[in-house]
Amino acid sequence: MTLSTLNPPHADLGAGRLQRIETPAPQPRATPPAATGSVELARAVRRHALQMVARAKASHIASALSIADIVAVLYGGVLRLDPAAPRAPWRDRFILSKGHACVAVYAALAERGFFPVEWLARYGADHSPLMNHISHHVPGVEFSTGALGHGLPFGVGKALAARRSGQPWRVHVLLSDGEMDEGSNWEALMFAAHHRLDRLQIVIDYNKLQSLGTVAQTLALEPLAAKLEAFGWTVHEVDGHDHAALARHLAGAPWVAGRPSALIAHTVKGRGVSFMENRVEWHYRSPDPAQLAAALAELERPHA
Ligand SMILES: Cc1ncc(C[n+]2csc(CCOP(=O)(O)OP(=O)(O)O)c2C)c(N)n1
Ligand SMILES: [Mg+2]
C-alpha cells in the first residue's frame, strides 16, 4: 500500500459525500431575538445549571454562568436550528470548545426542545447521555470536547465543509480565555484566515480567570485583539452579558467578506450569583444545599 492510498489528496476528502447530501432549502436566519426572550432563557439556563451541578456535586458552575448570556442569545434566535431535526444538513453548527461548561448548553438545548427537560436531572449520573463534559451523544450537540484546544480546529474543518456544501450554514465556536493557551488554537486561527473561512465565527469568553488564577498571571493574552487581527481575523469586542449587543454581533457575521470573525466577549466568571462572581474557587467547588438556595434566590433579581 502506498502512502498516497493511505492519505488521499486533501481535495478528495469528503467532497463527493458532501455533494451527494440532499439539502432542503435553508431556513432564513432568525432576526436577533427580542432581549426579553433571551434574558428569560439565560435565567432558565442559570437555574438549571446550578441545580444540575449541585445535584451531581460537580465542578465548573462559574464557567457555565460566565457563558449563560452568550448561549441564550445563540439558542434564542441566532442559530438556525430545528429541534425536531437536530441533524438537518442546513443547520448552523455550534461547538462548545470549553466543554467543561456543558451544563449551560445542555440547559439551553432542553429549553429549546431538543430533549426533555427532565433529562437534566440525570446530569453526570451513570449511563446518562449528559456527561460531565459536553458529549455528542446528546441531541443537538455537534462535538464532544473537554480537552481544551480541540473545538476550533474542528470548527475550521466544518467551515471548510460549509463552503464545499454550497449551503449558507455557519459555524460558531465558543472558546474560553484560558483555552487560548493551547497552541492548536493559533494554528487553526492562521489556517482559517489563510483559507478565508468567513462562515466561521469564534466567541472568546474573556472572563479573565482560569482554573487556579487569573489569565494575566497564568499566561498573559494581551494584546488579544491585536494578536487576532494580526492573524487575519476581524475582531469585535462586546459586553458578554448585554443581550442586545451580543445578538447584533453574533447574528451579523461575517463582518468582512472573506475574513473569519472573532468576538471577544468580556464576561464575569460566576455571573449572576454574587458570591461566585470573580471567585476562582468556584471553578471547582459545588454549591451545598444552602448555597444553592441562596443562588437560586439571586436569579430572581431583575438584573440576573
Ligand atoms: C488540554 C487540557 N488541559 C487542562 C484541562 C483542565 N482544565 C479544565 S478547565 C481549565 C481552565 C479553565 O479556565 P478557562 O479556560 O479560562 O475556562 P473558564 O473556566 O474560565 O470558562 C483547565 C486547565 C483541560 N480540560 N484540557
Ligand atoms: Mg476563563
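Q: How many residues does helix α7 have, and what span does the helix reach?

A: Helix α7 (residues 183-194) has twelve residues, and from its first C-alpha to its last it reaches 17 Å, close to the 16 Å expected at 1.5 Å a residue. The expected span is 1.5 Å times one less than the number of residues. Helices here are DSSP runs of H or I with at least four residues, strands are runs of E with at least two, and both are numbered from the N terminus. This is a predicted model, in which local features need pLDDT of at least 70. Residues are numbered from 1 along each chain as its sequence is written.

Q: Which residues of α7 are buried, and why do they sit on the same side?

A: An α-helix has 3.6 residues a turn, so residues three or four places apart point the same way. In α7 the buried residues are Asn185, Ala188, Leu189, Ala192 and Ala193. They cover an arc of only 130 degrees around the axis, which puts them on the same side of α7; the arc is that of the directions from the helix axis to the C-beta atoms. Buried means 20 or more other C-beta atoms within 10 Å of a residue's own, exposed means 12 or fewer, and partly exposed lies in between, with C-beta atoms placed from the backbone.

Q: What do these buried residues pack against, and what does the other face carry?

A: The buried residues pack against α6 (151-165), β3 (200-206) and α9 (224-230). Turned away from that buried side are the exposed Gly183 and His194.

Q: Which way do the residues of strand β1 point?

A: In a regular strand the side chains alternate between the two faces of the sheet. From β1 (residues 93-96), Arg93 and Ile95 point one way and Phe94 and Leu96 the other, and all are buried.

Technical notes
Chains are lettered from A and ligands numbered from 1 in the order in which they are written. This is a predicted model: local features need pLDDT of at least 70, side-chain atom pairs count only at pLDDT 80 or more; totals for chains, interfaces and linings use all residues. Two residues are in contact if their C-beta atoms, placed from the backbone, lie within 7 Å.
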